[in-house]
2 protein chains.
Amino acid sequence: MRITTPRWTPGNGADRAVALEVLIHGPLSRSEVARRLDLSSASLTRLANPLLESGLLVEAGEQADGRVGRPQQLLDIVPESRRFIGMKLMADEVLGVTTDLRANVKATETRRLTATDPEAVVAAIAELAKSLARGTPDITAIGIGVGGLIEAHGVVRSAPFLKWSDVSLGQMVEAATGIPTIIENDLVAFTEYEHWFGAGRGLDRFAVVTLGAGIGYGLVIHDEIVRNDDYGIGLIGHWPLDPFGPVCSEGHRGCAKAILTDSAITQSVSQALGKPLTYKTALNLAASGEPAARRIVDDAGRGLGRLLAAIANLTMPQTVVLGGEGVRLAAVASEAVDAGLRADRDPRTAALPLTIRSGENIEWCRGAAVVAIQTFVLGHRSDEP
Amino acid sequence: MRITTPRWTPGNGADRAVALEVLIHGPLSRSEVARRLDLSSASLTRLANPLLESGLLVEAGEQADGRVGRPQQLLDIVPESRRFIGMKLMADEVLGVTTDLRANVKATETRRLTATDPEAVVAAIAELAKSLARGTPDITAIGIGVGGLIEAHGVVRSAPFLKWSDVSLGQMVEAATGIPTIIENDLVAFTEYEHWFGAGRGLDRFAVVTLGAGIGYGLVIHDEIVRNDDYGIGLIGHWPLDPFGPVCSEGHRGCAKAILTDSAITQSVSQALGKPLTYKTALNLAASGEPAARRIVDDAGRGLGRLLAAIANLTMPQTVVLGGEGVRLAAVASEAVDAGLRADRDPRTAALPLTIRSGENIEWCRGAAVVAIQTFVLGHRSDEP
DNA sequence: CCTAATTAGTTCCGACATAAAACTATTAGG
DNA sequence: CCTAATAGTTTTATGTCGGAACTAATTAGG
């Protein structure tokens, strides 16, 4: 039995477009929405009223700008009207959050995984979902981000970090929780958060790069995420960044994995200083000026800059968002990042604005929640067009 | 005074969508068009009839497949119903073609440029247009591809090869010829040909790389060309491809310009063999197995492969089209191209289909004609949304 | 304080595009 | 020849849209 996602708006298209515009672009007046959607003001009256009556939209005060004429009545959604769960599935734990319609995090919880077989993981997910659902209004949908190849209908084709292949995770979680569940690649989820509610909101083109155990990449062009069948394999992990850099486990010299990942940096600095260190300590040493750590971290920063230059040259993004648990590298080595970025770009090109995220793990969960929100709001699962 | 482009279809949107679908995707039955555009068969009857009456569409026979049921009546446009001119503006000559509505080339002519000041160039363009227009039906519009930064309204902001900046080329040509004229970046034009009538027809994502005096790059994602304000500067000319390669004029070691351009290859082979050669001879020597030429050309091929890998990794294209006057490199060094492509891609990714064009200069003109066709068919200039 | 100008939003109504339903047309296959 | 299947047309009802005329609420300026 398939648990179906409830639909947001009753209508066909235009009313949904109005609701979507207000959801994503915040409180907007009817006239502003009309302009954005290329509709008449008459149409906006017609479309907004049922949405107001249904309680999805509210009038949220007046626009207090000093222009002449009747002031605008701002329309806004009621973000609290719906709750979603977003989860990030990792090798040894599941992290979950509840959010509202705008992906604002309301609560956070985790469950450790004692085993990685699908049944045990689903049990942990269901328990976490049940616990998160306590004390909040009904959960509309669950989104789960998984690193790996995700197929339509919630099937995990391949997730090496769990040693999974062809697991119907979506169906299993729906069966265990009774709540509609969307499974999505973790980077797609992260990118969709930025797309709808983050640094990419309202932009036509942007890219996402995450640093951590691996190097992640996401791309939105023409206001739509770019993906192919290979998405989730790891497109840029073995990107060559430094012809004289260290060698990765698969024999690539100076590839992204060999110089940009947490473990690569930690290992290089530990080796240089002759003692085991954590990633955090390695970056602290570099920040405080320890020469060997500084050099290794700067090399990594330069590599990151060159990766960003490649992305900028080939995809022409309006901004790039940097995230992931290892993102502090971008701050500690920001000058090296800039240097690498400039080295591989034409000096006449416009500067590339960067947005640096905190690197906290709940950012992945928020992304997963956005995938659930999108499914609900758009009326169809993102993997089923 | 502004010369306006005539409009293709009288209607508002749906009829244009039908005409466009038939133009691009060849003869289609009403039912097929209805499926593609998500319309009812009733709507298709309604929409197709005026287009048939206006002479833009014709019924082009029946679909002779052995299925049960009434056979499909194929709709097709009459490509001969309109003529366009496409031109490629080069440093010392202008190359022009006439085409039909599907960008099939009907005639070709050139004019040498004796000077590069705008007035002299416009005079040559007008003369060429007049000559091309003789003996064909009325020209609907002219498209001109120019290497450099092109602004809206036919203004060439910067075209170094002519030493131009801020030239209102479109207006000048319209004034001289009386024919609506569209100015576009040459790579955008080349890419739009592939998009509508070439290897990218019907695809969601593809890239274009041209080899020659410079290295060109074009990208279509989600069925729309990707461009930003910097488009035309040369995004990938100084891309680093070989850390041990030769140095370009601006001091980059092993950049695309230093190893992939015609002149770089010609120069390297000439130097290695101690005698001046042409590009063609250099490639011939490599093809016939001359060791030094073979090595240089293979290095270039490997560099090209790595460039293609970068594009594939970051933009996930369904195919890449290779063109430009130096494109024979891709054929002569095809094994090296494959090797470079494999080296920088995850082995699990699907193979990247390549389309290799002939490299003739009229391919650029055909692209320029497509820009004119698009302006006419879509009812607005591509640079004026 | 009063009026004109301006902008926001509503109501009413006609224009038009759409699809559903019932129809005709043309084929394959028994 | 009859039936099923598919293509395409005609008729008609529905619903969405925007234009026009309206009300509402404000500022600017005398």
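**DNA surfaces, chain contact and local packing**

Student: Which residues come nearest to DNA strand D?
Tutor: Ala42(A), Arg70(A), Ala42(B), Thr45(B) and Gly69(B) come nearest, out of 24 residues around DNA strand D (near: C-beta atom, placed from the backbone, within 6 Å of the strand). This is a predicted model, in which local features need pLDDT of at least 70 and side-chain atom pairs count only at pLDDT 80 or more, while totals for chains, interfaces and linings use all residues. Residues are numbered from 1 along each chain as its sequence is written, and chains are lettered from A and ligands numbered from 1 in the order in which they are written.

Student: Which elements each supply at least two residues of that surface near DNA strand D?
Tutor: H3 of chain A does, as do helix H2 (30–37) and H3 of chain B (helices are DSSP runs of H or I with at least four residues, strands are E runs of at least two, and both are numbered from the N terminus). By class, the surface near DNA strand D has eight nonpolar, 12 polar and four charged residues (Ala, Val, Leu, Ile, Met, Phe, Trp, Tyr, Cys and Pro count as nonpolar, Asp, Glu, Lys and Arg as charged, and the others, Gly among them, as polar).

Student: And which residues come nearest to DNA strand C?
Tutor: Of the 25 residues around DNA strand C, they are Ala42(A), Thr45(A), Gly69(A), Arg70(A) and Arg70(B). Two or more residues come from each of helix H2 (30–37) of chain A, helix H3 (41–53) of chain A and helix H3 (41–53) of chain B.

Student: Changing topic: at what angle do H10 and H12 of chain A pack?
Tutor: Helix H10 (residues 291–315) and helix H12 (residues 334–343) of chain A pack at about 40 degrees, with axes 6 Å apart. H10(A) and H12(A) are therefore oblique to each other (under 35 degrees is roughly parallel, over 145 roughly antiparallel, 65 to 115 roughly perpendicular, the rest oblique).

Student: Which residues meet there, between H10(A) and H12(A)?
Tutor: Among them, Asp298(A), Gly301(A) and Leu308(A) in H10(A) meet residues of H12(A) that include Val337(A) and Leu341(A) (contact: C-beta atoms, placed from the backbone, within 7 Å). The residues of this contact of H10(A) with H12(A) comprise eight nonpolar, four polar and four charged.

Student: Last one: how many bridges join E9(A) to E10 of chain A?
Tutor: Three bridges join E9(A) to strand E10 (residues 164–167), and the strands run antiparallel (pairing requires at least two DSSP bridges). Ser158(A) stands opposite Ser165(A) in E10(A). The hairpin has four residues between the strands, and Lys163(A) takes a positive phi near 60 degrees.

Note on methods
Axes are lines fitted to C-alpha atoms, for helices over the stretch in contact, and angles run from 0 to 180 degrees between N-to-C directions. Two residues are in contact if their C-beta atoms, placed from the backbone, lie within 7 Å.
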